[in-house]
Amino acid sequence: MSEFHVAIGETATFSKTVSESDVYMFAGITGDLSPNHVDESYMRKSSFGKRMAHGALLVGYMSTASTLAISHTRFADETAVSAGYDRVRFIRPVFLGDTITVHYEVEKLEPERRRSVADIRVTNQDGEIVAAAKHILQWVPNET
């Protein structure tokens, strides 16, 4: 097997303004129609004061950053597949109209298990951390 196609310290970022259509389409696809996400008048009465994005939508954006981080490995002798997200935390709400940036950084390699682990931080337009996680990629040999 080859050396890893990523190295400790490699990074990728992904930024996106979370729109109303993003949240409504995600709600429709997943069936998560919680009023926290789709009912403005309900949320106006809450301590948050407005609708917020789904946490799982943020995990989707984390996946996008992962794809960007490994895009240079496309024709390698192994394929990277997600083995999961650990310690996913939603620290602050992400409101419709917020611009988030996902910061993805490879922090550990496990050669014997053919895995890489990345640290993920998601910040909003004010630089506040809104979510965090660890992402595990499993590097699977391609057939020859």
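**Terms set against values**

Guide: In this predicted model, confidence is lowest in strand E2 (residues 78–90), at a mean of 95, and highest in E1, at 98. That confidence is pLDDT, given by the predictor for each residue from 0 to 100. Helices (H or I, at least four residues) and strands (E, at least two) are DSSP runs, numbered from the N terminus. Residues are numbered from 1 along each chain as its sequence is written. The model is predicted, so local features need pLDDT of at least 70 and side-chain atom pairs count only at pLDDT 80 or more, while totals for chains, interfaces and linings use all residues; side-chain values use heavy atoms, without hydrogens and water.

Visitor: What is the average pLDDT of the protein?
Guide: The average is 94, and 97% of the residues score at least 70.

Visitor: Why are Phe14 and Tyr61 called a tilted aromatic pair?
Guide: Rings of Phe, Tyr and Trp (its six-membered ring) pair if their centres lie within 6.5 Å; planes under 30 degrees apart are stacked, over 60 edge-to-face, and the rest tilted. A search of the whole structure finds 1 aromatic pair. Phe14 and Tyr61 are 5.9 Å apart centre to centre, with 40° between the planes, so the pair is tilted.

Visitor: What does the pair tie together?
Guide: Phe14 lies in strand E1 (residues 11–17) and Tyr61 in helix H4 (residues 55–69), so the pair ties together parts 47 residues apart in sequence.

Visitor: Why does Phe14 count as buried?
Guide: Buried means under 20% relative accessible area, exposed over 50%, and partly exposed in between (1.4 Å probe, protein chains only). Phe14 has 19% relative accessibility, so Phe14 counts as buried. Tyr61, at 8%, is buried too.

Visitor: How do you know that the buried residues of H1 line one face?
Guide: In helix H1 (residues 20–30), Asp22, Val23, Phe26 and Ala27 are buried. Seen down the axis of H1, the buried residues fall within an arc of 130°, so they line one face of the helix. The arc is taken from the directions from the helix axis to the C-beta atoms. The face turned away from the buried side of H1 carries the exposed residues Met25, Gly28 and Ile29.

Visitor: What makes Lys50 sit over the ring of Phe95?
Guide: A charge sits over a ring if NZ of Lys or CZ of Arg is within 6 Å of the ring centre and within 35 degrees of the ring normal. Lys50 lies over the face of Phe95, at 4.7 Å from the ring centre.
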